[in-house]
Amino acid sequence: MNYHRPLPSNADINEVILKKQKTGDWTVSIVVTYDADYLEKPEVEDIDVKDTVGIDLGITKFVHDSENRAFARLDEHDGRERIEKRHRSLSRKQHDSANWNKARRSLARAYERLKNRREDYREKIAHWYTREYDAVFLEDLDVSSMTQQDRNARNIASMSWYETLQAFKRHGKKNGRSWEGDC
């Protein structure tokens, strides 16, 4: 078994979740309760303006901040091509045959790989900003109305702004930083 991280010594196990993924892999999630040793957030009066950053979430650039630093969006072209190729392969197989199941698992792995790349990119950016700055301010967006428009709905959905905000909240809490923003 590969552990993501060791269980805390002072934790109480609440539940164990066993789940079979679409790829055929099994995962075990162990839900525990414990008192985490998070860093203390600095008081608002103690935060220097130089130690703060404002972040604009966008489509052409994933993140553009007040320090005029920009992070490009993740290049998903190869991942999307891989998914399209696997979809075509799956459609040529006889439904519910051994080859169809093999192609289905291959397609599920391609989707999972793209999802993992997106998540890794978001987590790394959120971790870097919350380690570098005492306070992070994120743009307030109305994502649901933006995705109902015709032109950029796919691009907006692939940016995963809500998950990005959640990553900033998680890392801000863990690193003892202040954050503001809501998607």
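Q: Where is Leu 7 placed?
A: Leu 7 sits in the segment before strand 1, where strands (E, at least two residues) and helices (H or I, at least four) are DSSP runs numbered from the N terminus. This is a predicted model, in which local features need pLDDT of at least 70 and side-chain atom pairs count only at pLDDT 80 or more, while totals for chains, interfaces and linings use all residues. Residues are numbered from 1 along each chain as its sequence is written, and side-chain values use heavy atoms, with hydrogens and water left out.

Q: And how is Leu 7 classed, buried, partly exposed or exposed?
A: Leu 7 counts as partly exposed because its relative accessibility is 42%; buried means under 20% relative accessible area, exposed means over 50%, and partly exposed lies in between (1.4 Å probe, protein chains only).

Q: Which residues make the nonpolar surface patch?
A: Leu 7, Ile 13, Val 16, Leu 18, Trp 26, Val 28 and Ile 30 make a nonpolar patch of about 690 Å², and the elements giving two or more residues to that patch are strand 1 (12-20) and strand 2 (26-33). Patches take residues with over 30% relative accessible area and no salt bridge, joining like charges within 9 Å and nonpolar side chains (Val, Leu, Ile, Met, Phe, Trp, Tyr) within 5 Å.

Q: What about charge, which residues gather in the positive patch?
A: That surface patch of positive charge consists of Lys 85, Arg 88, Arg 92, Lys 93 and Lys 102. Lys 85 is placed in helix 1, and Lys 85 counts as exposed because its relative accessibility is 56%.

Q: Before we go on, where is confidence lowest and where is it highest?
A: Confidence is lowest in strand 7 (residues 178-180), at a mean pLDDT of 67, and highest in helix 1 (residues 77-91), at 96. The mean for the chain is 86, with 96% of its residues reaching 70 or more; pLDDT is the predictor's confidence in each residue, from 0 to 100.

Q: Switching to salt bridges, how many are there?
A: The count comes to five salt bridges, taking a salt bridge as a side-chain nitrogen of Lys or Arg within 4 Å of a carboxyl oxygen of Asp or Glu.

Q: What does Glu 76 pair with?
A: The side chain of Glu 76 meets that of Arg 118 in a salt bridge of 2.7 Å, N to O. This pair links distant parts of the chain, with Glu 76 in the loop between strand 5 (70-72) and helix 1, and Arg 118 in helix 2 (residues 98-132), 42 residues apart. Glu 76 is buried, at a relative accessible area of 7%, whereas Arg 118 is partly exposed, at 22%.

Q: Which partner does Arg 170 have?
A: Arg 170 forms a salt bridge with Glu 123, their closest N and O atoms being 2.3 Å apart. Arg 170 is in helix 5 and Glu 123 in helix 2, so this pair ties together parts that are 47 residues apart in sequence. Separately, salt bridges that share partners join Glu 76, Arg 80 and Arg 118 into one network.

Q: And what about Arg 69, which residue does it meet?
A: Arg 69 meets Asp 65 through their side chains, in a salt bridge of 2.8 Å, N to O. Arg 69 is partly exposed, with a relative accessible area of 28%, while Asp 65 counts as buried at 4%.

How values were computed: Areas by Shrake-Rupley, 256 points an atom, 1.4 Å probe, with all protein chains shown as cover. Lys, Arg positive; Asp, Glu negative; His and termini not counted. Charge placed at Lys NZ, Arg CZ, Asp CG, Glu CD.
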